[in-house]
Amino acid sequence: MSVLVIAEHENGVLKPETAKVVHAASKLGAEIHVLVAGHNVGSVAEAAAQIAGVTAVKLVDDSALDHQLAESTADLVITLAQGYSHILAAASTTGKNIMPRVAALLDKSQISEIVDVVDADTFMRPIYAGNAIATVKSLEAQKVITVRASAFDAAGEQAPVAVETLTASVENTSSSFVGVEQTESERPELTAAPVVISGGRGMQNGENFSLLEGIADKLGAAIGASRAAVDAGFVPNDMQVGQTGKIVAPDLYIAVGISGAIQHLAGMKDSKVIVAINKDPEAPIFQVADYGLVADLFDVLPQLEQAL
Amino acid sequence: MKVLVPIKRVIDYNVKARVKADNSDVDLTNVKMAMNPFCEIAVEEAIRLKEAGTASEVIAVSIGDKACQEQLRTALALGADKAIHIETDAKLESLHVAKLLAKLVEQESPELVILGKQSIDSDNNQTGQMLAALTKRPQGTFASKVEIADGKAVVTREVDGGLQTVALNLPAVVTTDLRLNEPRYASLPNIMKAKRKPLDVIAADTLGVDLAPRVELVRVAEPAKREAGIVVESVEELVNKLKTEAKVIS
Ligand SMILES: Cc1cc2nc3c(=O)[nH]c(=O)nc-3n(C[C@H](O)[C@H](O)[C@H](O)COP(=O)(O)OP(=O)(O)OC[C@H]3O[C@@H](n4cnc5c(N)ncnc54)[C@H](O)[C@@H]3O)c2cc1C
Ligand SMILES: Nc1ncnc2c1ncn2[C@@H]1O[C@H](COP(=O)(O)O)[C@@H](O)[C@H]1O
């Protein structure tokens with residue numbers, strides 16, 4: 001038996017989540033094949049071939065797979081699914097979009113956002129915004145799984161394995177790509193950064209996020225936000241950290257003007273070290289913070305930038 | 001255009017779930033329950049489509065035990081025309097829910113199904129995509145904007161890198177993200193009126209769907225607790241601790 005990992009990529013670049021999913025897959029004790037499905041993704045396949053533990057790469061390059069729309073990608077995956085005991089993808093917005101569709105077409109349940117592999121049938125996953133960790137056992141012969149990338153280290157590198165090019169016979173007549181508004185940033189990606197500094201409603205407006213930027217520059221940090229900051233239009237949606245946003249687990253997480261609602265904690269409480277800056281000493285964020293600073297953020301952020 | 005809105009009864013989002021002492025599950029006895037927040041957004045979107053003259057009828061559906069009729073009444077008070085309760089005491093996985101919903105889609109032929117993107121209890125984020133697959137419809141997940149025109153739903157999606165827009169041929173399935181709209185509250189007169197709106201009950205086992213579990217819940221545990229931290233007095237002390245104690249910056 002072997003397992004199939006669906007590669008995560010964007011603009012012809014393999015995303016770091018894939019090496020983490022491969023690491024999770026390596027705990028299943030089977031051969032690991034990676035499927036690279038998309039359009040103009042030859043370079044992605046080359047990169048996937050160098051992830052340690054990968055034994056084969058299947059490349060399907062077709063305009064019907066452009067932008068990895070769920071309809072055509074799921075149709076492709078099910079044509080290749082036979083013989084795989086597990087099909088895995090990152091629990092990114094791409095994986096979350098495609099995988100349940102794959103599962104339903106295969107008449108399988110999906111196990112979402114696993115954070116640990118107990119054995120080939122048994123997995124751990126957070127439920128109720130991370131307030132409980134469920135151990136679940138699949139009773140099915142074939143498993144469809146999404147993986148919380150932040151819970152696994154990236155697999156290392158290897159000398160590249162062969163890339164096998166397959167032809168797709170998929171088309172998509174029901175949906176089409178219209179456009180994308182990509183958030184441009186020079187900063188490291190939120191889910192991959194070693195340091196994350198996030199602002200909440202306490203930041204008051206979008207301009208004030210510049211107070212975080214100087215600090216982020218010095219720390220090589222990504223900038224995140226609470227839902228309240230995104231809803232208020234301070235920053236774009238893809239900066240939201242939390243139960244229903246991005247899940248991060250950096251070495252250092254600095255929460256500024258964030259109260260610490262359970263939905264926010266769900267996205268960051270596995271960070272190694274948490275710092276909270278909040279003027280309210282009763283704010284729940286202090287219950288998870290290693291270092292709390294009770295202060296007005298407008299006083300201390302400039303000082304912090306100076307001190308670094 | 002008929003719109004079907006599946007809604008789920010879940011723990012209130014303000015309540016922190018507690019694990020049972022025997023680690024068999026989460027303890028929901030005497031816990032406040034509510035409509036899943038993403039379903040509230042779905043109901044709101046459907047009602048706005050009706051108010052705009054785009055939708056002709058809004059049907060809310062919930063699958064579960066008798067108690068979920070409470071959330072169906074809420075949906076009716078918010079403006080849904082009719083409710084359907086698919087009754088079962090079984091513990092359902094998203095695949096089961098999607099299969100039951102697919103049966104209803106067959107019966108009701110809605111041109112649009114709007115679901116929440118995620119239940120805040122199971123955190124599955126599966127049902128909408130599965131329903132789309134089972135009914136062979138295109139899907140617009142994590143929607144922050146939905147426009148209906150010329151037989152298409154144009155859906156703006158919240159994705160990891162920003163916003164993506166797709167055009168779906170109707171009939172289609174949409175799942176809601178947080179920024180799609182701000183749900184209204186039900187007014188007292190509308191709550192009263194809702195009591196007279198139709199609420200049909202269908203026994204789940206009459207729909208011919210195999211509800212046998214495919215995933216077994218082995219154990220539910222508390223997450224690892226974080227050690228209580230310390231309060232620092234100044235920025236200087238903070239930076240010092242981060243450098244010398246936590247060693248996360250240099
Ligand atoms: C279905 C659902 C999903 C959700 N998903 C998410 C999610 O993924 N991520 C998320 O973050 N939230 C999520 N939420 C929202 C969550 O419940 C909270 O509403 C949100 O996290 C609050 O954001 P906040 O802490 O920035 O705002 P608030 O709770 O308003 O806190 C602002 C904080 O700033 C402090 N402050 C104000 N001014 C200053 C100052 N000058 N100096 C220092 N401190 C100051 C205040 O003391 C306060 O503690 C979700 C909610 C629901 C219902
Ligand atoms: N038991 C249910 N009854 C009705 N709708 C449901 C049920 N379970 C899930 N859904 C719908 O599916 C969405 C996503 O749920 P899930 O896939 O469980 O995260 C929810 O927001 C609801 O719209």
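Over residues 23-211, chain B is 29% helix and 32% strand, with the end C-alpha atoms 24 Å apart; helices (H or I, at least four residues) and strands (E, at least two) are DSSP runs numbered from the N terminus. This is a predicted model, in which local features need pLDDT of at least 70, side-chain atom pairs count only at pLDDT 80 or more, and totals for chains, interfaces and linings use all residues. Residues are numbered from 1 along each chain as its sequence is written, chains are lettered from A and ligands numbered from 1 in the order written, and side-chain values use heavy atoms, without hydrogens and water.

**Exercise 1.** Find the residues that come nearest to ligand 2.

*Solution.* Start with the 19 residues around the ligand (a heavy atom within 4 Å). From these, pick out B:Pro6, B:Ile63, B:Ser119, B:Asn125 and B:Thr127, which come nearest.

**Exercise 2.** Trace polar contacts (N or O atom pairs within 3.5 Å) to oxygen atoms of ligand 2.

*Solution.* Take the backbone first: a polar atom of B:Pro6 lies 2.7 Å from a ligand 2 oxygen, and a backbone N or O atom of B:Asn125 lies 2.8 Å from one. Next, turn to the side chain of B:Thr127, where an N or O atom is 2.7 Å from an oxygen of ligand 2. Finally, check the cover: the protein hides 97% of the 480 Å² of accessible area (Shrake-Rupley, 1.4 Å probe) that ligand 2 has on its own.

**Exercise 3.** Which elements give two or more residues to the shell around ligand 2?

*Solution.* Look along chain B for strand 6 (57-64), helix 3 (94-108) and strand 8 (112-116). Then see which gives the most: strand 6, with three residues.

Technical notes: A polar contact is a pair of N or O atoms within 3.5 Å; within protein, one must be able to donate a hydrogen and the other to accept it, and residues adjacent in sequence count only if both atoms are side-chain atoms.
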